[in-house]
Amino acid sequence: MGNYQVLFSGEVSPNLNEDSVRENLARELGIDERKARQLFSGRTVVIKSQLSQEDALAVQAQFAEFGAICRVKDFTPKIEQVDYRVDRADRDNADRTLKDITAAHLECPRCGHLQLEASHCARCGIDIGAAIKAQRKEDLIIQKKINQLKQKSYPVTSSAPTKPKAKSIRFDTAEHSGREDKKRGVMGWLRKSS
């Protein structure tokens, strides 16, 4: 079983008479005069379907012997091979297009909604311009506090830096007792002296 059809729309060979072709087809197909006239009405009629290519061409040749011109049509589904690989040029164009699209968009500083540039957010409704200004102020205040904390923990002095005094650790057996040992923990027998 194939996917070929033999179609007839009433065309006859130029050197033959339509009436003689109609009579020959009616006799060959075993149909009456009324049905034979319907074949020549101008509409396309399917003579046979689900044929292999060879069988469809044989039917077409048989009709051609009587002077009727038939067409053979292939209804085999076309499976198109799609190449999903992306060329470098296509990838660059896609990246450029994505950048163009996102360049016209703005992210809401409050909810993160990505939208076309507008004065108010479509999702949460805040004034985007005012929210961006407030966010910049907060960032500046935070940066200022960070700088102040850095200056306090690392004071800048004009004099040369001095080394911190080293603390010595000595073993003192005279003051060693069980109560002090519990108080000081495991390393209670060591005592720091300055």
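## Fold pattern

Along the sequence, this protein runs β-α-α-β-α-β-α-β-β-α-β-α-β, with 6 helices and 7 strands in total. Helices (H or I, at least four residues) and strands (E, at least two) are DSSP runs, numbered from the N terminus. The model is predicted, so please keep in mind that local features need pLDDT of at least 70 and side-chain atom pairs count only at pLDDT 80 or more, while totals for chains, interfaces and linings use all residues. Residues are numbered from 1 along each chain as its sequence is written, and side-chain values use heavy atoms, with hydrogens and water left out.

Buried residues account for 16% of the 194 residues; here buried means under 20% relative accessible area, exposed over 50%, and partly exposed in between (1.4 Å probe, protein chains only). The protein exposes about 16100 Å², of which carbon and sulfur atoms supply 52%. Accessible areas come from the Shrake-Rupley method with a 1.4 Å probe, and for residues only the protein chains shown count as cover. Take the contacts between residues at least 6 apart in sequence: 51% of them join residues at least 24 apart. A contact means heavy atoms within 4.5 Å.

## The nonpolar cores

In soluble globular proteins, nonpolar side chains tend to be buried together. A nonpolar core is defined here as a set of buried Ala, Val, Leu, Ile, Met, Phe, Trp, Tyr and Cys residues joined through side-chain atoms within 4.5 Å. The largest such core has 14 residues, and the members touching the most others are Val6, Phe8, Leu25, Phe40, Phe63 and Ala68. Two or more residues each come from β1 (4-12), α1 (18-29), α3 (53-66) and β3 (68-74), and α3 gives the largest share, 4 residues.

Leu25 shows how these pieces meet: beyond its neighbours within four places in sequence, Leu25 contacts Phe8, Gly30, Phe40, Phe63, Phe66 and Ala68. There is also a second, separate core of 5 residues, with Cys121, Ile126, Ile128 and Ala131 among them.

## Helix α3

Helix α3 has 14 residues and spans 21 Å from its first C-alpha to its last, close to the expected 20 Å. That expectation is 1.5 Å times one less than the number of residues in the helix. Ala56, Val59, Phe63 and Phe66 are buried in α3. They lie on the same side of the helix because they cover an arc of only 75 degrees around the axis, where the arc is that of the directions from the helix axis to the C-beta atoms.

The cover over the buried residues of α3 includes β1, α1, β2 (45-51) and β3. On the face turned away from this buried side sit the exposed residues Glu54 and Glu65. Just after α3, Gly67 adopts a positive phi of about 100 degrees.

## Helix α1

Helix α1 has 12 residues and reaches 16 Å from its first C-alpha to its last, close to the 16 Å expected. Its buried residues are Val21, Arg22, Leu25 and Ala26. Seen down the axis of α1, these fall within an arc of 135 degrees, so they line one face of the helix.

Glu23 and Arg27 are exposed on the other side of α1. Among the elements covering the buried residues of α1 are β1, α2 (33-39), α3 and β3.

## Cysteines

With a disulfide taken as a pair of cysteine sulfur atoms within 2.5 Å, the count is 0. The sulfur of Cys108 has its closest cysteine sulfur in Cys121, at 3.6 Å, too far for a bond. Cys108 is buried, with a relative accessible area of 3%. Cys124 is in no disulfide either, as the nearest cysteine sulfur, that of Cys121, is 3.7 Å away; Cys124 is partly exposed, at 29% relative accessible area.

Cys70 belongs to strand β3 and is buried, with a relative accessible area of 5%. Apart from neighbours within four places in sequence, Cys70 contacts Val6, Leu7, Phe8, Gln60 and Phe63.

Most residues other than glycine have a negative phi, and most peptide bonds are trans. Gln50, in strand β2, has a positive phi near 55 degrees. Gln50 counts as exposed, at 52% relative accessibility.
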